[in-house]
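Here is a short tour of a single chain, from its overall layout down to a few side chains. Have the viewer open and follow along.

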Amino acid sequence: MKDENGETALMVAVESGHLSHVEEMAKMDGVDWETKNKEGESLEDVARKMKHAAVLEFLEQRKYEAVAEVATVARVVELPANALEAFEALEVKQSEEKEELNTILEKEKQDFHKKQTQE
């Protein structure tokens, strides 16, 4: 369900950086994890834009786990090879995004410590 601005409660939680709210919504059924805002931005796009690294990491991990689960099912039911290749490519992309996130987190930590030292 979207509000008058076209945003879901999940999008608002991501935009605000409320990781605990996002984690609670992950326990609920029927949450739209593919929702986009009026600008066409995904949850991950918004978390990245707002520099909510912990929220972005959670979203990426959640997506990675969902893809891994689907890939496991695909192997069990022996889907065509091109489908497995697509899942594997997505796993590689998720790994690359996770590395990028870790780089962002490390830079934020360094900036924070540098700022603390200057004060």
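This is a predicted model: local features need pLDDT of at least 70, side-chain atom pairs count only at pLDDT 80 or more; totals for chains, interfaces and linings use all residues.

## Overall layout

How much of the chain is buried? Buried residues account for 26% of its 119 residues. The exposed surface comes to about 8,200 Å², with carbon and sulfur atoms supplying 54% of that area. If you look at contacts with a separation of 6 or more, 52% of them link residues 24 or more positions apart.

## The nonpolar core

Sixteen is the number to keep in mind here: the largest nonpolar core has 16 residues. Leu-10, Val-14, Val-22, Leu-43 and Leu-59 are the ones with the most contacts inside this core. Two or more core residues come from each of helix H1 (9–16), helix H2 (19–25), helix H3 (43–49), helix H4 (53–76) and helix H5 (81–118). In soluble globular proteins, nonpolar side chains tend to be buried together.

Setting aside neighbours within four places in sequence, Leu-10 is in contact with Val-22, Met-25, Val-31, Asp-32, Trp-33 and Leu-43.

## Trp-33 and its ring

What lies over the face of Trp-33? The residue there is Arg-62, at 3.8 Å from the ring centre. As for aromatic pairs, a search of the whole structure finds zero.

## Two loop residues

Is Asn-37 buried or exposed? Asn-37 sits in the loop between H2 and H3, yet its relative accessible area is 7%, and because that is under 20%, the residue counts as buried. Beyond neighbours within four places in sequence, Asn-37 is in contact with Glu-7, Met-11 and Val-46.

Lys-51 belongs to another loop, the one between H3 and H4. Its relative accessibility is 63%, and because that is over 50%, Lys-51 counts as exposed. The backbone is worth a look too: phi of Lys-51 is near 60°, a positive value in a residue other than glycine.

Methods:
Residues are numbered from 1 along each chain as its sequence is written. Side-chain values use heavy atoms; hydrogens and water are left out. A nonpolar core is a set of buried Ala, Val, Leu, Ile, Met, Phe, Trp, Tyr and Cys residues joined through side-chain atoms within 4.5 Å. Buried means under 20% relative accessible area, exposed over 50%, partly exposed in between (1.4 Å probe, protein chains only). Helices (H or I, at least four residues) and strands (E, at least two) are DSSP runs, numbered from the N terminus. Contact means heavy atoms within 4.5 Å. Accessible areas come from the Shrake-Rupley method with a 1.4 Å probe; for residues, only the protein chains shown count as cover. Rings of Phe, Tyr and Trp (its six-membered ring) pair if their centres lie within 6.5 Å; planes under 30 degrees apart count as stacked, over 60 as edge-to-face and the rest as tilted. A charge sits over a ring if NZ of Lys or CZ of Arg is within 6 Å of the ring centre and within 35 degrees of the ring normal.
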